[in-house]
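Dear colleague,

Please find below the structure that I am handing over to you. Kindly keep it open while you read the notes that come after it.

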Amino acid sequence: MPKTDIIAALTPEITAIRRDIHRHPELMYDVHRTAGLVADKLREWGVDEVATGVGQTGVVGVIKGKGQGSGRVIAMRADMDALPIHEETNLPHRSTVPGKMHACGHDGHTAMLLGAAKYLSETRDFDGTAVLIFQPAEEGGAGAKAMIDDGLITRFGIQEVYGMHNKPGVPVGKFEIRKGPAMAAADQLHIKIEGLGGHAAAPHRVNDPIVASCALVTALQTIASRNADPLESIVVSVTALNAGEAFNVIPQTAEIKGSVRTLTPETRDLAEKRIAEIVEGVMKAFGMKYQLNYRRGYPVTFNHSGQTDFATSVTKEAFGSDAINTEVPPTMGSEDFSYMLEERPGAFINIGNGDSAGLHNPAYEFNDAAIPVGVNYWASLIEIAMPQRG
């Protein structure tokens with residue numbers, strides 16, 4: 001039976017699984033129900049090895065092809081966690097958990113990789129080993145790093161690793177990818193400022209942390225405009241400034257929080273260095289005490305050249321020469337698949353979700369029409385990378 005017919009036959013089952021996961025969203029590492037469902041399905045479909053509890057709640061499936069000569073081990077990754085967002089759709093399969101929903105399509109990512117697991121375990125038309133990674137805590141919890149720290153790469157002998165994410169606004173059946181930096185590193189800054197509070201009518205007798213905070217916010221914007229190469233992307237965003245409660249009181253303290261996004265290690269180092277220098281200088285000028293906490297988050301998602309070319313060739317062979325756009329700019333969003341790409345060569349691709357609401361939106365819905373497309377991509381990637389010998 002042709003591949004497309006096999007995939008079409010399994011799509012209703014995979015769609016039902018996707019909608020079941022959507023009804024029962026789970027956050028961060030607390031994805032016990034989803035992980036249990038994934039493990040049960042992998043065992044039911046005859047996957048050779050199913051490991052649970054990797055990186056706390058991650059699941060890994062191993063499928064061996066029919067051939068004996070390749071020895072190649074290629075991994076594919078999907079994320080399982082949802083977001084703390086209240087769903088605003090009227091879908092029959094909408095979230096049953098108040099304040100939680102799959103607003104980023106991880107339910108669809110998990111379903112597509114499950115569909116690939118079912119197809120590959122039934123056909124095994126490849127020579128090598130396919131490793132299927134179902135990861136928790138992508139949304140801010142660094143689940144990829146937790147799985148790596150738990151021995152993911154070495155335990156399963158992974159040589160290359162590939163990831164995929166849906167993208168609203170891109171037609172179903174189309175893909176996007178780029179070589180090099182595809183998504184930004186995401187760091188956080190948290191500054192606590194202490195001056196001297198007092199009556200608003202006597203500012204000369206106090207030391208106002210609000211004035212110092214405003215000066216600092218303005219000064220931080222000079223990193224992008226006056227310190228970084230104009231051709232390099234850098235975003236320093238102050239996202240919270242909290243100080244005071246009363247209209248007639250100058251507060252004692254203020255607090256600033258922010259996000260820093262960069263696309264190269266050099267720019268990332270520059271941003272951290274200049275933030276520390278600027279905070280120290282401004283606080284000294286205003287006579288403020290302060291505490292600066294700069295926390296590095298997800299690194300740059302960097303697509304390796306050879307693997308990006310290969311992923312591109314897979315989409316063209318499976319869906320046609322016009323199925324993929326390789327001229328897309330990088331985005332300043334972040335993705336913890338970056339940790340896996342630091343460990344092994346690979347590529348992260350976007351798959352079209354059609355005309356849907358945006359990611360992290362309460363009206364978002366993963367497009368089930370993309371399921372057979374994603375399953376076909378994963379299956380083709382393995383079969384083309386490790387063709388069965390004659």
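This is a predicted model: local features need pLDDT of at least 70, side-chain atom pairs count only at pLDDT 80 or more; totals for chains, interfaces and linings use all residues.

I begin with the largest pocket, which holds about 680 Å³ of space. Its lining is made up of 34 residues, and those nearest the centre are Glu138, Met183, Arg261, Ser334 and Glu335. Two or more lining residues come from each of the strands β5 (160–167), β7 (180–183), β8 (185–194), β12 (253–262), β13 (289–296) and β16 (346–352). Sorted by class, the lining of the largest pocket comprises 14 nonpolar, 10 polar and 10 charged residues.

The second largest pocket has a volume of about 200 Å³. It is lined by 13 residues, with Pro265, Pro299, Val300, Phe302 and Glu342 nearest its centre. Helices α8 (265–286) and α10 (337–343) each provide at least two residues of this lining, and α10 gives the most, namely three. The lining of the second largest pocket contains seven nonpolar, three polar and three charged residues.

Finally, I would draw your attention to helices α9 (residues 305–319) and α11 (residues 371–385), whose axes come within 9 Å and cross at roughly 115 degrees. The crossing of α9 and α11 is right-handed. On the α9 side, the contact involves Phe310, Ala311, Val314, Thr315, Glu317, Ala318 and Phe319, while α11 contributes Val373, Asn376, Tyr377, Ser380, Leu381, Ile384 and Ala385. By class, 10 nonpolar, three polar and one charged residues form this contact between α9 and α11.

Yours sincerely,
A colleague

Methods: Residues are numbered from 1 along each chain as its sequence is written. Side-chain values use heavy atoms; hydrogens and water are left out. On a 1 Å grid over the protein atoms alone, a cavity is a set of points where a 1.4 Å probe fits but cannot get out, and a pocket is an open set with protein on both sides within 12 Å along at least five of seven lines; lining residues have an atom within 4 Å of a point. Grid points are joined across faces, edges and corners, and a volume is the space filled by probe spheres set on the points. Helices (H or I, at least four residues) and strands (E, at least two) are DSSP runs, numbered from the N terminus. Ala, Val, Leu, Ile, Met, Phe, Trp, Tyr, Cys and Pro count as nonpolar, Asp, Glu, Lys and Arg as charged, and the others, Gly among them, as polar. Axes are lines fitted to C-alpha atoms, for helices over the stretch in contact, and angles run from 0 to 180 degrees between N-to-C directions. A crossing is left-handed if the near helix is turned anticlockwise from the far one by less than a right angle, and right-handed if clockwise. Contact means heavy atoms within 4.5 Å.
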